[in-house]
Amino acid sequence: MMKKAILLAAVLMLTVSCGEYQELLKSDDSGKKYSYAEQLYNEAQEEGDKRKYRKALRLFEQIVPEYRGKPQGEKLSFLFANTYYELGDYYLSSYEFERFQQSYPNSEKVEEAAFKKARSFYELSPNYALDQTDTDKAVAELQAYLNTYPEGEHVEEANDMAAELRIKLEKKEYEIAKQYHLTGEARAGNYRAAITSFTNFLANNPGSPFREGAHYYRFDSAYRLAINSFRDLMEERLREALEYYQTYKKYYPEGEYIEPMEASAEDIKSRLQNF
């Protein structure tokens, strides 16, 4: 009986609370909306309750325009942006944090806003195979945070995220070049495109974990292009491929691809004896 009484009391309180909330949504009392929205927000922070964040958000959405330019506007604007952030609505959180930075550049919360704006774009960054506009934006925002707050609270995390995203961008560039290589047999011009793409990749990404693969596939593209060329083009292309092999061997004398490359290099040397 005691358990039933407690449950009934809880249901009754929830019903009353919901009724008051619905009435508040319909009211014109911005002050009460502000107080209750802040209360819901604080409870959501303590409890990790997404439902309360969503309820707070509905109230924030109604009153934020009224408080812009007023003393309470700074705090309210940050809570509004952070509520979107906590709910995982990263497009809107990035927008609202940007707006907060512009409106309150001297706020004690501006560093946190800058970081969370960058983090919002980080969360929006898709799989490497998709369009990387949000990834580029995230890298730029993370770098802006690091430049502005070199001793900031979130520097280590920002550096880690920026490094992760740069590797993602490198992987996309690498895989595009690799696709040219893989389709070269069907279209010989793709081998030349692969060579150019891998050469650009190596020049643009000196610390990339994909460098060894890029050296190998550049060589293999050049080798396959050469052996499938007309005779008047073959010698020059064979020598070009041999140079790529020598470059790989210089940096990776015991590399993952050394055995197949040495076999191809021996074939190149044999073919060059005919010229």
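Predicted model: local features only at pLDDT ≥ 70, side-chain atom pairs only at ≥ 80, totals over all residues.
**Exercise 1. Find how α5 and α6 run relative to each other, and which residues join them.**

Step 1. Two packed helices are described by the angle between their axes and the distance between the axes.

Step 2. Take the values for this pair. Helix α5 covers residues 90–103. It packs against α6 at an angle of about 155°, and the axes lie 8 Å apart.

Step 3. Apply the cut-off. Angles over 145 degrees count as roughly antiparallel. Therefore α5 and α6 are roughly antiparallel to each other.

Step 4. α5 and α6 cross in a left-handed way.

Step 5. List the contact. From α5 come Tyr90, Tyr91, Ser93, Ser94, Phe97, Glu98, Phe100 and Gln101. They meet Val110, Ala113, Ala114, Lys116, Lys117, Ser120, Phe121, Glu123 and Leu124 of α6.

Step 6. Sort these residues. Nine are nonpolar, four are polar and four are charged.

**Exercise 2. Describe the packing of α9 and α11.**

Step 1. Helix α9 is residues 189–204, and helix α11 is residues 231–251.

Step 2. Their angle is about 35°, and their axes are 14 Å apart.

Step 3. The crossing of α9 and α11 is left-handed.

Step 4. Arg192, Ile195 and Thr199 of α9 meet Arg237, Glu240 and Tyr244 of α11.

Step 5. By type, the contact of α9 with α11 has two nonpolar residues, one polar and three charged.

**Exercise 3. Locate the largest pocket and say what lines it.**

Step 1. Start with the space. The largest pocket holds about 190 Å³.

Step 2. Go to its centre. The lining has 14 residues, and the closest to the centre are Tyr41, Lys75, Phe78, Leu79 and Lys109.

Step 3. α2 (30–47), α4 (73–86) and α6 (110–124) each supply at least two residues. α4 gives the most, with five.

Step 4. Sort the lining. Four residues are nonpolar, four are polar and six are charged.

Technical notes
Residues numbered from 1 in each chain as written. Heavy atoms only, no water. 1 Å grid on protein atoms, 1.4 Å probe; cavity = no way out; pocket = protein on both sides within 12 Å on 5 of 7 lines; lining within 4 Å. Points joined across faces, edges and corners; volume = space filled by probe spheres on them. Helix = DSSP H or I, 4+ residues; strand = E, 2+ residues; numbered from the N terminus. Nonpolar A, V, L, I, M, F, W, Y, C, P; charged D, E, K, R; others polar. Axes fitted to C-alpha atoms, helices over the stretch in contact; angles between N-to-C directions. Parallel < 35°, antiparallel > 145°, perpendicular 65-115°, else oblique. Left-handed = near helix turned anticlockwise from the far one by under 90°. Contact = heavy atoms within 4.5 Å.
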